[in-house]
Amino acid sequence: MISKSASTDESPSMIRTVIVEDNETALERYVSLIMNEHEIDCLAGYPTAEKMLERLEEDLPDVILMDIELPGISGTEATAKVKAILPSTDVLMLTHFSDEDSVFKSLCAGATGYIVKGDPGLADRIRESRSGAPMSPMIARMVRDEITRARRKSQEAELTTREKEILMGLADGLSEKRISDNLFISPHTLHQHCKNIYRKLHVHTQAQAVAKAIRENML
């Protein structure tokens, strides 16, 4: 753990910052970078989220730089815990370009944004988080892509009226021939509908399809 006592001449406008990073070399580099900034006060650096959380209400940071991949409690889990205790604290995730899924989960947990490891503009990102700057283009794209994926998945899972009728017949224990006769469709058409149902529900059998449809109130 790296820590220092608060300066006696600390200005109220100073951005109180804590860093959570399990790589000791990286942690020391981040602390060094921040300590050279007049507007940013580095309160402490912690190797684990657990240690940071132990002192959270003593440090009372404005900003936390949080590594996503931490031993023990993950950065995403820790972010949710921080926001539950100190809602006004901004959490910026320290990550790599390949961590988009983890970053999005952290944003959902309450993170303000993220910083790509090695970004020379570390101090600027911290200031932006406190200035109410709009969502960065990269985060906006990430959120938009995730919403698109969620909408597509929802549309794929939506059953048609005919598919629901077939599922109802299966739930009532009717044979495929009886269902075909009742709905005035050919056995081939029924099989095509069943294949679509299985695909949408991500199942492989009639029993699984009926069980999932009932469990998720699709019928």
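**Buried threonines and perpendicular helices in a predicted model**

Leaving aside neighbours within four places in sequence, Thr 79 is in contact (heavy atoms within 4.5 Å) with Met 66, Val 91, Met 93, Ser 106, Ala 109, Gly 110 and Ala 111. Thr 79 belongs to helix H4, which covers residues 75-85, where helices (H or I, at least four residues) and strands (E, at least two) are DSSP runs numbered from the N terminus. Because its relative accessible area is 0%, Thr 79 is classed as buried; the classes are buried under 20%, exposed over 50% and partly exposed in between, calculated with a 1.4 Å probe and protein chains only.

The structure is a predicted model, in which local features need pLDDT of at least 70 and side-chain atom pairs count only at pLDDT 80 or more, whereas totals for chains, interfaces and linings use all residues. Residues are numbered from 1 along each chain as its sequence is written, and side-chain values use heavy atoms, with hydrogens and water left out.

The protein contains 11 helices and six strands, and buried residues make up 40% of its 219 residues. Of the contacts with a separation of 6 or more, 65% are between residues 24 or more positions apart.

When residues up to four places away in sequence are not counted, Thr 48 touches Val 20 and Pro 71. Within strand S3 itself lies Leu 43, which is buried at 7% relative accessibility. The C-alpha atoms of Leu 43 and Arg 16 are separated by 6.4 Å, although these residues are 27 apart along the chain.

Helix H10 takes part in two helix contacts. The axes of H8 (residues 161-171) and H10 (residues 187-201) come within 10 Å and cross at roughly 95°, the axes being lines fitted to C-alpha atoms, for helices over the stretch in contact, with angles from 0 to 180 degrees between N-to-C directions. The two helices are therefore roughly perpendicular to each other, since angles under 35 degrees count as roughly parallel, over 145 as roughly antiparallel, 65 to 115 as roughly perpendicular and the rest as oblique. Among the residues making this contact are Ile 166 and Leu 167 of H8 and Leu 190 and Ile 197 of H10. The axes of H9 (residues 176-183) and H10 come within 9 Å and cross at roughly 105°, which makes H9 roughly perpendicular to H10. Here Glu 176, Ile 179 and Ser 180 of H9 meet Pro 187, Leu 190 and His 191 of H10.

In the loop between H9 and H10 lies Phe 184, which has a positive phi of about 55° although it is not a glycine, and which counts as exposed at 77% relative accessibility.
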